[in-house]
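Biologist: I am new to this structure. Could you show me how to read a few of its features?

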Amino acid sequence: MANKSQALHRRRFLKSAGLIAGLAVASSHANDRRNRAVASPSEPSSRKKDKIRHVRAYIIESPRSDDGLPSPKEDVWTNTTLISSPMSIYPEYHDDRGSWGKNVLGRVIVEIEDDSGRVGVGISSCGVPGAYIIEHHFKRFLLNQYVHDVEKLWDQMYRSSIHYGRKGLAIMAISAVDLALWDLLGIQRQEPVYAMIGGQVRTEIPMYATTPNPEYAKRMGFWGAKMPLSHGPADGREGLLKNVAIAEEARSKVGDDFELMYDCWMSLDVPYTIELAKMLEPVRIKWLEECLLPDDYDGLVDVRKAIKSCWLTTGEHEYTRYGFLELLKRHCVDVVQPDMTWCGGLTEAIKIANLARAYNVHVVPHVSATYSYHFCAAQTNCPFSEFIIWGERGNKIEPVFRNLFRDEPMPENGRIKLPDKPGWGMTLNRNELNLQRPFPV
Ligand SMILES: [Mg+2]
């Protein structure tokens with residue numbers, strides 16, 4: 001009796017407050033939801049085959065060690081040109097980056113296959129250790145999950161590897177998986193990656209070239225060329241003068257209407273960088289890249305305060321939004337350069353781009369070819385992209401990833417146009433690669 005009376009009082013109150021009609025509407029919406037649930041199960045049959053069935057991590061074993069990078073014995077300028085490195089301070093490792101094991105890890109190639117047998121491919125540079133992390137650790141978060149859950153899958157891989165990850169190997173392994181997920185998602189949806197991340201803000205991407213001989217880049221239609229710096233602090237005054245002389249010679253060959261940049265590959269210190277920049281002022285260098293060790297954020301601030309004559313860029317050895325935030329909040333760079341295959345993949349690169357946009361900083365990914373092009377096409381603050389020219393003299397246009405894929409987009413007259421193919425639009429060159437799966441679990 002008391003309950004009935006309470007119910008009447010409650011009903012009178014709701015009516016007086018004008019809420020009874022609202023309750024009816026809410027009830028009707030609840031019924032609608034129930035009806036939709038009956039008509040459309042939470043897992044639509046059309047999506048049942050979109051889940052991940054297999055994850056496979058490969059390395060490449062071949063006589064040429066051709067993992068998309070020149071083998072140490074090949075006559076490619078990255079092997080034959082003197083390039084300053086963090087190890088150049090040690091005489092025994094001064095002349096050859098191969099001598100201290102720069103490429104010792106090699107590629108990892110990830111295939112993710114869904115329940116329909118569709119396969120997405122992603123790559124990174126973490127070799128056997130990366131393959132182990134992917135097969136023995138990350139796979140548990142991927143199997144039987146929807147491919148479209150890229151955010152959740154990324155976050156689970158990141159959080160679960162935090163005690164040994166954060167930067168380097170683990171993030172490289174996440175990158176390979178993430179790129180494979182986006183490839184497979186595009187194949188499932190029959191859309192190019194750029195279309196899934198907002199569409200193209202530019203249909204042609206202007207490219208600059210990386211080569212020790214900028215005159216070739218100019219002839220090929222690129223708008224600028226980035227040269228490797230040959231000498232660092234260990235080479236003293238003589239090396240400093242040589243660095244300036246190389247830039248002067250390049251300027252004399254390409255004229256004033258072509259941009260020149262220097263990639264210092266983490267090999268300098270603060271005083272050297274400041275002096276180099278001042279001596280290069282007459283040459284008009286567009287930017288100095290990666291002058292310092294990536295952890296020396298405060299050093300870069302000191303360089304920024306002292307140098308106004310050129311841009312400062314860095315980031316190919318930086319990882320995740322957190323690493324890039326360290327650079328952005330110090331206002332010490334004009335361009336950040338995440339590598340799509342290292343920084344955390346596309347999922348993280350989008351976050352880095354959004355952070356950089358808020359700081360009015362450009363994002364121009366380090367090499368990473370097709371992965372960069374789709375990303376750049378869809379970002380307003382990514383006005384151009386990088387293309388590395390191979391060959392002994394940096395004069396040979398061939399795929400950035402060499403023989404890894406059959407159909408990597410190539411620049412024409414210094415510009416890239418992306419095809420309308422699903423995913424990244426590239427086919428792994430399986431028959432020419434000696435793929436080995438070291439941890440088939
Ligand atoms: Mg670089």
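Modeller: Two strands pair if DSSP finds at least two bridges between them, and strands (E, at least two residues) and helices (H or I, at least four) are DSSP runs numbered from the N terminus. This is a predicted model, where local features need pLDDT of at least 70, side-chain atom pairs count only at pLDDT 80 or more, and totals for chains, interfaces and linings use all residues. Residues are numbered from 1 along each chain as its sequence is written.

Biologist: Which residue of β3 is the bridge partner of glutamate 111?

Modeller: That is valine 121. Strand β2 (residues 108-114) runs antiparallel to β3, joined by six bridges. The two form a hairpin with four residues between them, and glycine 117 in the turn has a positive phi of about 85°.

Biologist: Why is strand β3 described as largely enclosed?

Modeller: A residue is buried if 20 or more other C-beta atoms, placed from the backbone, lie within 10 Å of its own. In β3 (residues 119-124), five of the six residues are buried, so the strand is largely enclosed by the rest of the structure.

Biologist: At what angle do helices α4 and α6 cross?

Modeller: Axes are lines fitted to C-alpha atoms over the stretch in contact, and angles run from 0 to 180 degrees between N-to-C directions. Here α4 (residues 127-142) and α6 (residues 169-189) cross at roughly 60°, their axes coming within 10 Å. The contact (C-beta atoms, placed from the backbone, within 7 Å) includes Ile133 and Phe138 of α4 and Met172 and Ala176 of α6.

Conventions:
Buried ≥ 20, exposed ≤ 12 C-beta atoms within 10 Å, placed from the backbone. Contact = placed C-beta atoms within 7 Å.
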